[in-house]
Amino acid sequence: MSATTSRLTHRPLSLSVCKRDSGLRKSSHSATNNETNPRALNAHNKDGEIRCEKVRRSAATSESQTSVLSLLLVVALLLPASFGQANNSYQATAGEFRRPVYLPLDRSEEDWSLLKDPELRTDPWDQLKYIALPNAPGWYLTLAGEERSFYEHYRNYNWGVGPQDGNGYYLNRFLGSADFHLGSSTRFFFELKSGLEFGRTGGPRPVQDEDRLDINQLFIEFHPPSHRDRPLASLKIGRQDLQYGEGTLLDVRDLNVRQSFDGIKLILRPKGWQVDLFAMRPSLSNPGLFDDYPDHTQTLWGVYGITSKHLPRFIRQLDAYYLELDRKFARFAQGSGRDQRHTVGSLIHGGKGNFSYVGEGDLQFGKFGRGNILVWKYDQTLSYSFSHLKFRPVPSLLFAISSGDKNPANPDLQTFYPLFPKGLYYGVIDDSGSLNAIVLHEEIALQISKKVSIAPDNFFFWRQRTTDGLYSHPGVLLRSGLASQKKYVGALQDIAITWTVDHHTTVQLLGAYYEAGAFLRATSPPGRNTAYVSGKVIYRF
């Protein structure tokens, strides 16, 4: 699990949102990825409350137009696109209108149906949020977009292994979507993505840095007509995001290139629950034009349920899930082979008053090659909000542990695998992940002003088993563990400074220093200390 209270581990500022299915928090993220404070999202949100940003009834004012030309290009590409679902069950007056906020992760979850009333449109971009279709009552189109510019500089990337870049490099990401609502029971959602890399020595990192232009989401959704705010069932078919819980197992991987999935998902909403059943293949990212395709070497299916009803008073939300991933080829320190893995787990969000608790436990079993899999992982985060003090400090302490392989000569495997986790699992840089790991993390989040927050972190990493290796965030083997009996991997200090300029624009400065520990220094090539700095500007409409 992320090193903080929620999926949005490194997003120090909070955003609230009117979601299409807002009764349960399917995801707290994010994220990774990186602009909101999870404690602010979770602290005072009663069951079923719609989380929105209030706006005053005033004339539309001019907002920041950063990267407008790039965004207009995305909009132009999307004008002929797709269709979506309407939700006209709630009528707001100007006095009670609470403005939706742009979601940082999955834009398909936004609901702008309230802007059917032109009197409620207070932002220049609101004209794109409810475009009524002629001669079709209840049919409308919503357009959305994002531009993210990101400068990144490492000293001793990957602890000094491989090509190094002395001047840093630039990453740029565009996302643009069209959400076509065809009455009250059908919608069609379409989202383009473009991730570009400039100036990195060694070129773009595979999968995460560059995908020039492709489809991020393309699905049709059906649900039976209902007079409820939330239909009892929905069916999604096509390419879509999977974003659940803390992002430790299923996430959009909010890097320059995101992770999406091709398949089918059935969403059931029995009383007090949301239960998702899905069968998917991950979309394999390639750097060219419209060349992403389903990865036929991997198959994912599962059930994920969420409830906030009929629980002990200390527990605010319970997630329970069963996931199965079949990979035709997998590599661990022990060797390579087919990995057929079942994951059973639960996630608890709890707390009382200013105290918060998040705990997640997973058990995995199955087959690896000719051996058996039996592995586990547990993590927990304790937080306390001193909301009455200046800067409203929120200190947090996380402890996480996951199993490593006991004996590489034995065909049975004990290495935990995180399926499709968020892009940055611990901290703000590319380093070690959650496999064969013991992690201690302390953080304090500070709200310096209404728009500026600071979140410094400290991480300490050990290997759980010296007979297993060191792995990256997504589970790639970085170093074999057989050359050293040292457990201590290293320590990471990082800081995130976030400025929310307005509800369109976010500026973030990140810095980190990773001190290589005994294991990294004892293995070949000897690990070096890593320094990191980056700047990020995000504009959404």
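Reader: Which residues do ring pairs link into a cluster?

Author: This is a predicted model. A search of the whole structure finds 24 aromatic pairs. Ring pairs join one cluster, made up of W159, Y425, Y426, F459, F461 and Y514.

Reader: Are the rings of Y426 and F459 stacked or tilted?

Author: Planes under 30 degrees apart count as stacked, and those over 60 as edge-to-face. The centres of Y426 and F459 lie 6.3 Å apart, with the planes at 55 degrees, so the pair is tilted.

Reader: How many residues apart are Y426 and F459?

Author: Y426 is in the loop between β17 and β18. F459 belongs to strand β19. The pair links distant parts of the chain, and the separation is 33 residues.

Reader: Is Y426 buried or exposed?

Author: Buried means under 20% relative accessible area. Y426 has a value of 1%, so the residue counts as buried.

Reader: Are the rings of F461 and Y514 stacked or tilted?

Author: F461 sits in strand β19 and Y514 in strand β23. Both residues are buried. Their ring centres are 5.9 Å apart and the planes meet at 5 degrees, so the pair is stacked.

Reader: Which residue lies over the face of Y425?

Author: Y425 is one of the cluster residues. At 5.8 Å from its ring centre lies K422.

Reader: Which residue in β13 stands opposite Y304?

Author: Strand β12 covers residues 298–307, and eight of its 10 residues are buried. β12 and β13 pair in the antiparallel sense over 10 bridges. The residue in β13 opposite Y304 is Y321.

Technical notes:
Residues numbered from 1 in each chain as written. Predicted model: local features only at pLDDT ≥ 70, side-chain atom pairs only at ≥ 80, totals over all residues. Heavy atoms only, no water. Buried < 20%, exposed > 50% of the residue type's maximum accessible area, 1.4 Å probe, protein only. Helix = DSSP H or I, 4+ residues; strand = E, 2+ residues; numbered from the N terminus. Pairing = 2+ DSSP bridges. Phe/Tyr/Trp six-rings, centres within 6.5 Å; stacked < 30°, edge-to-face > 60°. Lys NZ or Arg CZ within 6 Å of the ring centre and 35° of its normal.
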